[in-house]
Amino acid sequence: MNLDDLKSGLNGSQLLSKNIENIKNLKISNLLAIGLGIAATFLSQEFDFKKAGFFFPKSAVLAATAPLKIHCGFVLDDFHVFENEFQRGDILGKILTENGVAYPIVHKLVESAKGIFDITSMRIGKKYTFLSNMPGQPPSYLIYEPSPYRFVVFHLDENPCVEVVEREVKTEIATAAGVLETNFWQALTDNGLNDELADGMIDALSTSVDFYHQKVGDRFKVVYEKHFVEGKEVGTGKIIAAAYERDQKEAFAFRFEKPTESCKYFDFDGVPAKKAFLKSPVKFSRISSRFSMNRFHPILRYSRPHFGTDYAAPYGTPILAVADGVVEEATRRGGNGNFVKLRHDGTYESQYLHMQGFAKGIRPGARVGQGQTIGYVGSTGLATGPHVCFRFWKNGNQVDHTRLNLPSAKKMEGTDFEKFKTSRDEMMKMLATVPYRTQEEIFKSRAEMEKKAKVNP
């Protein structure tokens with residue numbers, strides 16, 4: 001695999017297939033044309049397979065019948081392999097130099113990564129693999145896997161470069177159903193389903209189902225996507241449709257992508273599965289100072305009105321737009337420090353102060369969606385510590401948003417609603433093929449599993 005292959009549009013799986021086919025063709029042609037003896041003589045000579053366009057060295061050709069240990073397009077049997085995980089305090093440059101990569105190569109590699117892969121995004125616990133041609137030699141490649149969907153190859157030779165390879169993902173439609181014996185998450189676990197699916201269902205059904213007050217006997221069913229890479233299930237894709245039954249009343253969520261709406265899920269009547277405004281611009285934060293007409297300022301040391309609500313959070317915490325809107329300002333000014341101001345409609349505006357910095361693409365005129373990251377918590381301007389001062393306007397007046405009766409999300413109308421109904425009815429048919437499970441069925445299934453476990457411990 002080389003840069004020319006990647007530029008031609010081949011993905012990781014296609015490259016691997018191409019390399020294996022090259023090997024097969026070379027082996028067969030040599031055996032048929034000149035016989036085993038001549039082939040052995042030829043293969044004993046130096047042959048640059050890397051130059052021929054694939055990673056497989058000559059030992060891969062000689063091992064005609066041996067199973068190949070392949071990882072990210074490399075035959076591992078032909079390299080000295082060193083695997084490890086990122087630990088706290090690790091940075092890429094340090095890891096490379098500690099493993100024998102010369103500093104000039106590290107510098108070139110960092111430069112070549114710009115615009116291709118963010119080397120600061122490497123996370124604790126993620127695996128990386130060094131490949132060396134011989135033990136004791138500096139590595140030729142570093143492989144990093146940020147997710148099951150892609151891997152990154154760092155070429156560590158005299159012409160260092162970085163390649164990001166997207167793995168081929170196959171998507172299958174799956175269904176599931178369950179009944180609550182204790183809580184929603186346990187019901188999903190009992191059915192072999194993951195937290196990713198639970199989070200997705202909660203988001204999709206949030207305006208219709210109170211998940212804080214679950215009841216034993218509640219039932220659910222869902223149609224969703226499963227992702228597979230190289231034959232292994234790696235994650236959950238989109239939830240297509242979901243139903244939740246409580247006290248013989250059903251709530252529904254259907255996926256429908258409306259161009260002018262950031263929300264992707266709607267109930268049976270076309271009402272978005274979200275509130276019109278988020279309660280807070282920062283997740284998992286606490287209010288450190290409330291809206292007040294007479295607050296003692298901790299820096300200025302005198303009392304004055306505080307027309308906002310302060311949310312304390314660590315430096316760098318994402319700040320979210322509380323509703324769909326357009327950026328009016330994204331600048332730095334006076335005691336506000338770095339701030340963003342959004343207009344949501346003809347009535348409401350919001351402002352976010354003391355940011356560490358702005359998110360990519362946040363500039364005047366940019367359209368943002370509810371929940372989109374617009375900046376990061378900091379302490380610029382008049383601030384004693386990291387927080388975001390959130391300000392809210394109604395009809396041009398600054399108000400305490402925590403005391404407002406904010407509007408509900410608007411139901412779909414017109415041609416959008418007609419399109420939605422057609423799509424919804426098709427998804428209803430899909431849901432109808434998924435029977436709800438009963439507690440009796442779960443008890444029976446569990447008993448059978450326990451019986452099999454005793455027979456085959």
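Trainee: Are Asp218 and Arg246 buried or exposed?
Mentor: This is a predicted model, in which local features need pLDDT of at least 70 and side-chain atom pairs count only at pLDDT 80 or more, while totals for chains, interfaces and linings use all residues. Residues are numbered from 1 along each chain as its sequence is written, and side-chain values use heavy atoms, with hydrogens and water left out. A residue is called buried under 20% relative accessible area, exposed over 50%, and partly exposed in between, using a 1.4 Å probe and protein chains only. By that scale, both Asp218 and Arg246 are buried.

Trainee: How far apart are the closest N and O atoms of Asp218 and Arg246?
Mentor: A salt bridge needs a side-chain nitrogen of Lys or Arg within 4 Å of a carboxyl oxygen of Asp or Glu. Asp218 and Arg246 form such a salt bridge, and their closest N and O atoms are separated by 2.8 Å.

Trainee: Why does the pair of Glu257 and Lys238 tie together parts of the chain, and how many residues apart are they?
Mentor: Glu257 and Lys238 form a salt bridge whose closest N and O atoms are 4.0 Å apart. Because Glu257 lies in the loop between strand 11 (249-255) and strand 12 (265-266) while Lys238 lies in strand 10, the pair ties together parts whose separation in sequence, in residues, is 19.

Trainee: How many salt bridges does a search of the whole structure find?
Mentor: Besides the pairs discussed so far, Glu83, Lys127, Glu145, Arg167 and Glu230 are linked in a network of salt bridges. When the whole structure is searched, the number of salt bridges found is 19.

Trainee: How far apart in space are Tyr149 and Val229?
Mentor: Tyr149 sits in the loop between strand 5 (141-147) and strand 6 (150-155). Leaving aside residues up to four places away in sequence, it touches residues including Arg167, His227 and Val234, where contact means heavy atoms within 4.5 Å. Although Tyr149 and Val229 are 80 residues apart in sequence, their C-alpha to C-alpha distance is 7.2 Å.

Trainee: What share of the contacts with a separation of 6 or more joins residues 24 or more positions apart?
Mentor: The protein has 10 helices and 24 strands, and of its 457 residues, 41% count as buried. Among contacts with a separation of 6 or more, residues 24 or more positions apart account for 61%.

Technical notes:
Helices (H or I, at least four residues) and strands (E, at least two) are DSSP runs, numbered from the N terminus.
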